[in-house]
Amino acid sequence: MLRAAWLGHWKAPWGLDRGRRWGDPAWALAAIAQAWLLGGREGRWPRLEPQARRPMGPVVGSLPTEFDPRPNSNWVALLRHGSAQVPAERRGSREDEALTWAWEALLAGEGSPWMGQGSLRLELGVRLRWIAVLGSVDEAGTLQLPPFLEDLVPENLRALPPGWWETLLRSQDAEGRLLPEGTLDPGLPWPAVQPLSSPMHLPSLPETLAPYRGAPWLHESPGAGWVLDPSLRAWARGWGASPTGLAGWQPLELALGGPPDPIVDTLLQLKVPDALAEGWGPSLDADFKEALVQPEAPPPSGHPTLDRLRMRWGGAEAAPAKGYPDWGTAVSACADPFHWMAQGRLFALGLEPEAALRAFTLAHAHFLRLGSPAWADRAASNAATMALEWADLPAHRRWAALRGPLPSHLQDLEAAYLSEVHDEPTEALRRFRKLVELHPEFIPAWEALASFGADQERWDLVREALPHMTHRPQAAFLAMALGDLRGPAPADSDPETRLNWEAHRLMRGQGETALFWQAWEACPRQLQRLELGVRILERCPELRQVGALLNLQAIAERAASPRHQERLAALWAAPKPSQEPTPGLLLEAWLAHQPTPIWVLWEEQGRPRQLGAGDPPPTGALSRLAREGHLPPFREGPWIWQGHPLSWEGAPVGAVLLALPPEAPAEPPLAPRLLAPWVAQLRGTDPPYALAESTYLWTDGSEPMASVLRELDRVADSDLSLLILGPTGSGKELAAHEVHTRSGRAGKLVAVNCSAFAEGVLESELFGHVKGAFTGADRDRRGAIEDARGGTLFLDEVADLSPRLQSLLLRVIQEREVRRVGSDHTVKVDVRFLAATHRAINELAEGGTFRRDLLYRLQGAVLQLPSLAARRHEFPYLVPRLVARAAGQAKRPVPSLAPGLPETLARLPWPGNVRELLHALERAILRCEGAVLKPGHFPELDSPLAQPHTWEEATRAFQRQFLLDTLKAHDYSMADAAQTLGLARPALYAIAKRLGVDLVAERLGRRRNT
């Protein structure tokens, strides 16, 4: 169990500097270091709640109990960007290559690159201060530190008696001196101890303390000296684990983050230091001038930086030194960039391009930290080369921008290699041709042309390039490739040659698969592996294994090569679109594998469908299930049969009849849940693009709208006045349009809403006026009656006319002439009159509010439009057509409909009738945003049903609820409910349909509630 300031066990003496915040690399380093100590170093990343207390920085309230193999992405996003809302994978705008690498590794569960960031992001003095902030103590009293702080405390001084390190970390003032706690023991030899209490440790035991060897307040650390109990030293205000107290424990070397000595400082300026040993001057001078021929490496100097620089010239590995990791370590907090340059070279020679790229990344960052842009350019150039070797072409582009321009021959060679990856072979060949034409003496250019020719099996190019490649390793292979190329690659072949050899043998039908893949794994050139691997799998379909494809896919994605990605995509086995099974076939295959009989019912394009497997169902069971949507359990033969509704997206889509053996456990069946999505697809959800007919009134041909349309067709072509009655929103104006369209009258339809104008304004609107008839009448104006000559006048809400206007209108209908307001002349008109109202106009006439004689004139024929509640059975026909119209009005594409949506919408009363439903559809189309239109897009379905406002509506609501209560009391058994109500079953079905009771939906709702 760890104890630390950031775990809340004691207060740290200082924090991470004021002004820090989430998204700052320093805070990220602190938080990741805490997670590292709590399990990240073992690959167990703790789940931490992000907390911060400035200036204390990130804190952890208690020890974690849950761990993951990778850090939580929201936590990483908060550390990286300052917000958990930003994707953690997104690269920050100010991130350098080293920081980006650290974030990518952390997301993959590897925290070592971040632990190497400590010497990059923090000066040595700051890191010394952070020991007290991030240090922790385990149960044995041993100091635990993140890797970037470990080398600042000697290993043999990290284990002190229990409680000592806690005091050293906790009890300090702002200067780093220890604070006394408790009382001083008077029995201690204070005169001998006090003069020696300031330093944290004593290199040797003074004579004055020799008599007290073995005392509990005096501890010997083998090889590190002696340490006094910090609680004792606190009374003399000795130093704690602070920069001053720790300063003498380790030498301030470059590897630990110390300043460069004069020799290193001169090297960073690309200058040769004075007074170097013999042989060093010429080697450094040739290196700085990038001479093609390098002198023999000078003898070792004993200087850790110089001996690492010597490795660039072929020298042996430098000897171990403090602060330097073992050779082969990929990442650490070592701050000497020359070490990372040497380590990168070792990785490159060891055919490890990724590790070499990371080493050069650290070298580049440390050179910039030390203010040496020239050496940083060198490191960037090496990193660009390794990125190209590893096929990380996006990283190569970034490093190429950092390294500066290359000599023209190297730049052209690199461009040709990149063209081979990104461009078609013809364009790549053009670049290789240009390369050898511009630089005929540059042997790598001819090697590149020959390799390209071998890859493309253009042996004429190989013959052309081969004479320029004398004594090159690849020449032997190319010469053999022009012949039979029999036998495996020679044992002394380099990895690139071996891969080429085995690939071409395999393409010629002479090779061995195992030898090719062995050579493929050993080759360090990723671009060569990518091209040859894809070519082999294209030629040899029998070798297309998913592991090989996935390995090639990883290289192609890292290289960001669309050409190779497209070629690989064609190699993955995938069914053709024409071979994809339909939902019906999948459902049939699933049913065939069921151990018990199952039968499924649904409706497809208005027709009943059924599909099943196993024993045939009992006689009449499927027809009853189709009517009622549910069947209670019953025994027939060896099975217990039961019918269940199928629901998808909150809407009924069908039903299923299940058979179970008597010994089956009584538990909710899974089949209805599994089958519902497939049945929903079988019902079809295509957008109703062609469903909006030209007619204004829609019906599926059933009553009551069928009678309305028959009456409308009968009176349409006559000149009889027509009175259209019906509730608000039922389509009275649409009926008027339909009558006018079918009438064949040459004039137009003019509509006037009689409730929208004051009496004086309405008179002018209907009859027109002459100039000067009233204030504001500055010109003659025709009224709506004149405007409708030869056509039709539609008076909406005619019951709202005043008695005076009723008299004027009656005269117009009788005499077929109209007089404008203020005029002495009449104008003959040929107009057909249509009128509409939602009010009970007969009752108004009986009460004297509306003139009987005008009513008689208007009701030459009468159309009574039904409410939408009386047309619930038509919703499967109406809803798709209204959706098409609503989508057009909303300027949105027509969406697909979730199966069962019309039936679900039919459960609502829709007091506003068609108009209310149309507006609800428009709002739902905006909510669905082009996806499938589902019940969830209609908040109206979650609202309580509206209360009826008329006697007829109240009576209908009572009958509907009475029927539902009766059905529920009898568990939706139609026979029992009909007997209780004194009705025949067909009459019960008819009443349910008239009252808008969807029996399937109601049963489904009951099942969900139970």
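Which residues does Phe-148 touch, not counting residues up to four places away in sequence? In this predicted model, Phe-148 touches Leu-29, Ala-33, Met-115, Gly-118, Ser-119, Leu-122, Arg-127, Trp-130, Leu-134 and Ala-333. Phe-148 is also one of the residues with the most contacts inside the largest nonpolar core.

**Nonpolar cores**

- The largest nonpolar core has 64 residues. Along with Phe-148, the residues with the most contacts inside it are Ile-32, Trp-114, Ile-131 and Trp-165.
- Two or more residues of this core come from each of helix H1 (25–37), helix H2 (73–81), helix H3 (97–107), helix H4 (112–115), helix H6 (124–134), helix H7 (147–150) and helix H8 (164–170).
- H1 gives the largest share of this core, with 11 residues.
- Another core, of 43 residues, lies apart from it and has Leu-268, Ala-355, Phe-367 and Ala-379 among its members.

**His-366**

- His-366 is located in helix H16 (residues 353–369).
- With a relative accessible area of 1%, His-366 counts as buried, because the cut-off for that class is under 20%.
- Not counting residues up to four places away in sequence, the contacts of His-366 are Ser-119, Leu-120, Cys-334, Ala-335, Pro-337 and Trp-340. Ser-119 is also touched by Phe-148.

**The sheet of 5 strands**

- This open sheet has the strand order S11-S10-S14-S13-S12, and its pairing is antiparallel.
- Strand S11 (607–613) and strand S12 (631–636) are the edge strands, and each of them pairs on one side only.
- On average, neighbouring strands of this sheet are turned by 20 degrees against each other, direction ignored.
- Strand S10 (598–604) is mostly covered, with 5 of its 7 residues buried.
- S10 runs antiparallel to S11 and is joined to it by 7 bridges; here Trp-599 stands opposite Gly-612 in S11.
- S10 is also joined to S14 by 5 bridges, again antiparallel, and Trp-602 stands opposite Gly-654 in S14.
- S12 pairs with strand S13 (residues 639–648) over 4 bridges in the antiparallel sense, and Glu-636 stands opposite Trp-639 in S13.

**Helices on this sheet**

- Helix H30 (residues 621–628) lies across S10, S11, S12, S13 and strand S14 (651–660). The direction of H30 is at about 170 degrees to S12.
- Helix H31 (residues 671–683) packs on the sheet and touches S10, S13 and S14. The angle between the directions of H31 and S13 is about 55 degrees.

**The sheet of 3 strands**

- The order in this open sheet is S1-S6-S7, with antiparallel pairing.
- Strand S1 (3–4) and strand S7 (143–144) each have a single partner strand, so one side of each is left without a neighbour in the sheet.
- Strand S6 (residues 136–137) is joined to S7 by 2 bridges, and the two run antiparallel. The bridge partner of Val-137 in S7 is Leu-143.

**The H24 and H26 pair**

- Helix H24 (residues 495–507) packs with helix H26 (residues 526–539) at an angle of about 10 degrees, and their axes are 10 Å apart.
- This makes H24 roughly parallel to H26, because angles under 35 degrees count as such.
- From H24, the residues Glu-496, Leu-499, Asn-500, Ala-503, Leu-506 and Met-507 meet Gln-528, Arg-529, Leu-532, Arg-535, Ile-536 and Arg-539 in H26.
- The residues of this contact divide into 6 nonpolar, 2 polar and 4 charged.

Definitions and conventions:
Residues numbered from 1 in each chain as written. Predicted model: local features only at pLDDT ≥ 70, side-chain atom pairs only at ≥ 80, totals over all residues. Heavy atoms only, no water. Core = buried A, V, L, I, M, F, W, Y, C linked by side-chain atoms within 4.5 Å. Buried < 20%, exposed > 50% of the residue type's maximum accessible area, 1.4 Å probe, protein only. Contact = heavy atoms within 4.5 Å. Pairing = 2+ DSSP bridges. Axes fitted to C-alpha atoms, helices over the stretch in contact; angles between N-to-C directions. Parallel < 35°, antiparallel > 145°, perpendicular 65-115°, else oblique. Nonpolar A, V, L, I, M, F, W, Y, C, P; charged D, E, K, R; others polar.
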